[in-house]
Structures are given as structure tokens and as C-alpha cells.
Amino acid sequence: MKILFSFIYILLFLNSLCFALDVRVLIFKGRQCTVFSSYGFRRLSSDSFTSKQCFYKTKDGFVYLNNNPYRGHICVYKEKSMLLAVNILNLEDYLKGVLYNEASHFWPMEALKAQAVVARSYALYKILHSRGRYDLDNTSSSQVYSGVNAERYRTNKAVDETSGEVLVCDNSVVEAFFHSCCGGRTETASELWKLDLSCLISVEDEYCKDSPHFRWREKIEKGRLLSILHKLGIEGSSLNSFSIKEKDDSGRVRYFEACTEMGCFRVSGKKFREKAGPDIVKSLLIDAIELLPGYVLFKGRGWGHGVGMCQWGAYGMAKAGMDYKEILTHFYPGASISSVAEISKD
Ligand SMILES: [Zn+2]
């Protein structure tokens, strides 16, 4: 019996070694912050702060920045008269602070597990490719992370039940992009970015129709549309027409055509969406554009860039009884599941 316990203990120890991979997350940038750590309460100001200091957990197991609890420890750096606070913690603990922000904890467990593998793959990709003081920030430009406050029973369970699992494609971990709703078909990554991965290609999705963003309509005032076009270098003060010039294979707009009194101009769909704002032009899967008195009406489908996993599609697939591996291999065709330990040893 004693031998059996020793064996289990060694297995658990080896397992913990495999996944003892830390991630560095930028959680604050500014001139002043407060830290509560094993050293007690400190108020930090960029005026008096020297180059670097690290803070460790209090007796309750957390370290606090601006009253918010975090796992792991926090290092504060001074850079160009600003303070940068970086939370260094175990990758699995980090994911527990992410998942609730990126998916509803009431969603089906298999959809949450798919999201956990996607978030872990994205984070591992960043860890392996980052330079500098941190791997990710805590905003939607990386993944939204808010420490212990974001932890919930079901999202933590989804992280635990997929512990260490990541998506691999073309022999490397996938920078696993995801988006809210694809509107019926996902996008090929190389249409948007200099990224040509065989598993980041367009696939059909019949499961995201429950999304409130599956179909959308948005009005943009003509004056505002003109000012967006001016920012893209298009000349003219009156808009005669605005239409779809060219679509890519997924049906998304590659180019619009804008005609003013100065002539007709080709406008990149991607750049137009960036300038207009992703909340206004929710996606480039636009079915129709109508020029009406005073404004232009866009009718489209989906929300987001459309690359990788459609979150509402994952929700629909899970509700239809599919498991997280089926969801992942649908949205990342050809990808397989490997482990953080396997990838990190290379
Ligand atoms: Zn979809």
C-alpha cells in the first residue's frame, strides 16, 4: 500500500512539474498603484519608485493590486516614467482568470472546455513568442484577464478538465484565434493577416444561429462615413455611392468602392472595419449596403474577424451533444490536441 501511495505521489509530482509553466501578464500601466503583499500595504508612485520590485502573496494566498486579488506574484517595473505591474502565475491559474471574461459560465460545459483549450493555446503561443517584460496584457487585445475575481466554479472546472491541453497544427501550437459569431462561415486567417496555417481556414458553421449577432443592421451617417474614408486617404466632400467591390471566398468584403465627386476609390474591407470600429461594422460578412437619405445602411452577419472558433457555434454544437474535441477539430480542421509539457520541451 505504501509503495502504491509513493508511486501516486511521484506521478502527481511529475505531473505538477510538467505544467509548472508560468505566464507573465501586464495588469497595470500608470503612474500610481497600491500593492498589498507579504510586505504589507504599499502605495507606489512612479516619482519615487526605483527600477524593479516583486511582491509575494499574503497569508490568504493572494497578492493584491489596487485591491484586486491575484494568484502567483506581481513584479512592478518602472519604464519611461510609468509603472508596469506584471502578474507572474501558473498558466492554468491564469486561464481561470480569463475564461469567465471570454465566455458565459452558464454555457454548456463542452463549449467552455473548447474555450479553455483555445485560450491555453493562444497563451502558450504568446509565451513561446514573446520578448520583453510580459507575454500578454489583460485586455481584449490579448485575452481579458482579471485575476481571482473572475474565477467561477464551472469555468474553473473547464480549465481543470482540459488541464495542459493545447491545439497543434503544422507541428506547432496554434495561435488559436476566436470570435463571437461567424454568421455561418468562418474566415481564412491569411485573408486578414500574414499567417498561413492549414488549420486556420474557412469552414461552414450551421450552429451559431442563436447568436443575437447572427444578423445585424447598422446605420452610419454619411458625414461620418466620409470622415472614416478621409482617414483612409479618400478625397471628396460628397458621397455618391458606397458599395461592395470584391468578396473573398468566405463571402467577406475584401474591397468596397467609394465614389465621391473626385472619382471612385477602392477601399480595403479590413482597414475600413478597423477605422469604423468593430462595434459599428460588426463583421465584413456584409450582405447588402443601401444608400438612404442622410445615411448608409449596412446589413451583415456575425460579429468579429471570423477566424478560428466561432463561440456561438461552439455553444450550438455543445447544445447539440458534441464534445469539445469535435468542436475544436471542426473550427481548426486538421489540428490535434497535444500537451503544454510536450510543446514546451522543444
Ligand atoms: Zn458561427
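Predicted model: local features only at pLDDT ≥ 70, side-chain atom pairs only at ≥ 80, totals over all residues.

Helix α5 itself covers residues 153–161, and its buried residues are Thr155, Asn156, Ala158 and Val159. If you look down the axis of α5, these buried residues fall within an arc of 155°, so they line one face of the helix.

Now the chain as a whole. There are 11 helices and 20 strands. The C-alpha trace spans about 80 × 55 × 35 Å along its principal axes. Of the 346 residues in the chain, 42% are buried. Taking contacts between residues at least 6 apart in sequence, 66% join residues at least 24 apart.

The chain is divided into domain 1 (25–89), domain 2 (91–214 + 302–346) and domain 3 (216–301). For domain 2 and domain 3, the C-alpha centres lie 30 Å apart. Their contact takes 15 residues from domain 2 and 11 residues from domain 3. On the domain 2 side, the touching residues divide into 3 nonpolar, 9 polar and 3 charged.

In soluble globular proteins, nonpolar side chains tend to be buried together. Here the largest nonpolar core has 79 residues, and Leu99, Leu167 and Val174 have the most contacts inside it. Helix α4 gives the largest share of this core, 12 residues.

Take leucine 167 as an example. Leaving aside neighbours within four places in sequence, leucine 167 is in contact with Val117, Ser121, Val173, Val174, Ala176, Leu328, Tyr332, Ala335 and Ile337. Apart from this core lies another, of 14 residues, among them Phe242, Ala258, Val281 and Leu285.

On to helix α8, residues 269–276. Its buried residues are Gly269, Phe272 and Arg273. Viewed down the axis of α8, they fall within an arc of 95°, so they line one face of the helix. What covers these residues includes α7 (222–231), β15 (253–260) and β16. Just after α8, glycine 277 takes a positive phi of about 105°.

Strand β16 covers residues 263–268 and holds cysteine 264. Is cysteine 264 buried, exposed or partly exposed? The count is 14 other C-beta atoms within 10 Å; a residue needs 20 or more to be buried and 12 or fewer to be exposed. Cysteine 264 is therefore partly exposed. Lysine 247 is 17 residues away from cysteine 264 along the chain, and their C-alpha atoms are separated by 18 Å.

Last, a hairpin. Strands β17 (residues 286–292) and β18 (residues 295–301) run antiparallel and are joined by 6 bridges. Isoleucine 286 stands opposite glycine 300 in β18. There are 2 residues between the two strands, and glycine 294 in the turn has a positive phi of about 90°.

That is the end of the tour.

Terms used:
Residues numbered from 1 in each chain as written. Helix = DSSP H or I, 4+ residues; strand = E, 2+ residues; numbered from the N terminus. Domains from an automatic or database assignment. Contact = placed C-beta atoms within 7 Å. Nonpolar A, V, L, I, M, F, W, Y, C, P; charged D, E, K, R; others polar. Arc of directions from axis to C-beta. Core = buried A, V, L, I, M, F, W, Y, C linked by C-beta atoms within 7 Å. Pairing = 2+ DSSP bridges.
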